[in-house]
Amino acid sequence: MPTAACNGVTLHYERSGRGPKLLYCNGSGATLDSVRPLLSAFSARFDLLAFDYRGMGASQPVNRPYSMADLAVDVDALLDHVGWERPVVAGLSFGGMVAQEFAVTYPHRVERLVLLATSPGGAFASYPLDTLADLPAAERAARIRELTDRRWTPEWLAAHPDQAALGAAFAHAPADESESQTRGRLLQMQARKGHDVTDRLHRVACPTFVGSGRYDAIAPPANGQAIADRVAGAELRVYEGGHAFLVQDPAAWPDVEAFAGG
């Protein structure tokens, strides 16, 4: 299991595939093991580098709060470790926040930037998911499902069984989570609350693709528009789907793949 000492923590990472170099930043609460299908899709076209955030998955547990700036330094150190100077950087949801923080802090290290279902923070922050933590499990699951895709009412899902399994997956709480994993997830949520690059996005110095889901209530299209408005020459696409538009709209993945591949 490859690991790297990065910014005071040991990160677990994986590298797979062949093609243009692409660093992928995961969504909140996700680990490499929980997103295997997405990693496989990327590695079919790219030389993929992906990692577990500090306190998540197989990376070193953490006990202290950290900031989005800390995660940007983690990424910088990981790239140094594998010897990559300037890859494509792609991030989904929370990963898009990390990718933005990295791109405004180290603009010379990003060849192309792919931001999916994400927000710049500030006046255009993603929904505060931490506020749902104390809800009863069933209520929390229903609320997350509704935020993921505004169409996903029980009635709509009953009429669209092809998306019912996807809706259930997004609302599913982590199973058999250890104490250190729970702590890592909650510390990640705290870092997420502090995300705000709105006034620094002008520093992004590479071609940028912004993808949003039309029915996403976690990172609504207005947030994607706010990013595109602040990054010179950014390309914004709005897809037929919610926070999971990448697997809901058949046009989304080919667009991402084409842009990232240059």
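Two strands are said to pair if DSSP finds at least two bridges between them. Helices (H or I, at least four residues) and strands (E, at least two) are themselves DSSP runs, numbered from the N terminus. With these terms in hand, let us turn to the structure before us.

It is a predicted model, in which local features need pLDDT of at least 70, side-chain atom pairs count only at pLDDT 80 or more, and totals for chains, interfaces and linings use all residues. Residues are numbered from 1 along each chain as its sequence is written, and side-chain values use heavy atoms, with hydrogens and water left out.

I begin with the sheet. Strands of a sheet pair through backbone hydrogen bonds, either parallel or antiparallel. Here 8 strands form an open sheet of mixed pairing, in the order β1-β2-β4-β3-β5-β6-β7-β8. Because β1 (3-6) and β8 (235-239) stand at the edges with a single partner strand each, one side of each has no neighbour in the sheet. From one strand to the next, the twist averages 20°.

Strand β5 (residues 88-92) and strand β6 (residues 112-116) run parallel and are joined by 5 bridges. Which residue of β6 is the bridge partner of Val88? The partner is Arg112.

Helix α8 (residues 221-230) packs on the sheet and touches β6, β7 (208-213) and β8, where contact means heavy atoms within 4.5 Å. The direction of α8 makes about 165° with that of β7; axes are lines fitted to C-alpha atoms, for helices over the stretch in contact, and angles run from 0 to 180 degrees between N-to-C directions.

I now come to two backbone details. Most residues other than glycine have a negative phi. Asn7, in the loop between β1 and β2 (9-16), has a positive phi of about 55°. Ser93, in the loop between β5 and α3 (94-105), has a positive phi near 60°. Asn7 is partly exposed, with a relative accessible area of 35%, whereas Ser93 is buried at 10%. Buried means under 20% relative accessible area, exposed over 50%, and partly exposed in between (1.4 Å probe, protein chains only).

Finally, is Gln100 buried or exposed? Gln100, which lies in helix α3, is buried, with a relative accessible area of 0%. The side chain of Gln100 reaches the backbone oxygen of Ser119 at 3.0 Å. Leaving aside neighbours within four places in sequence, Gln100 is in contact with residues including Leu115, His195 and Ile227.

Terms used
Polar contact = N/O pair within 3.5 Å; in protein donor to acceptor, adjacent residues only side chain to side chain.
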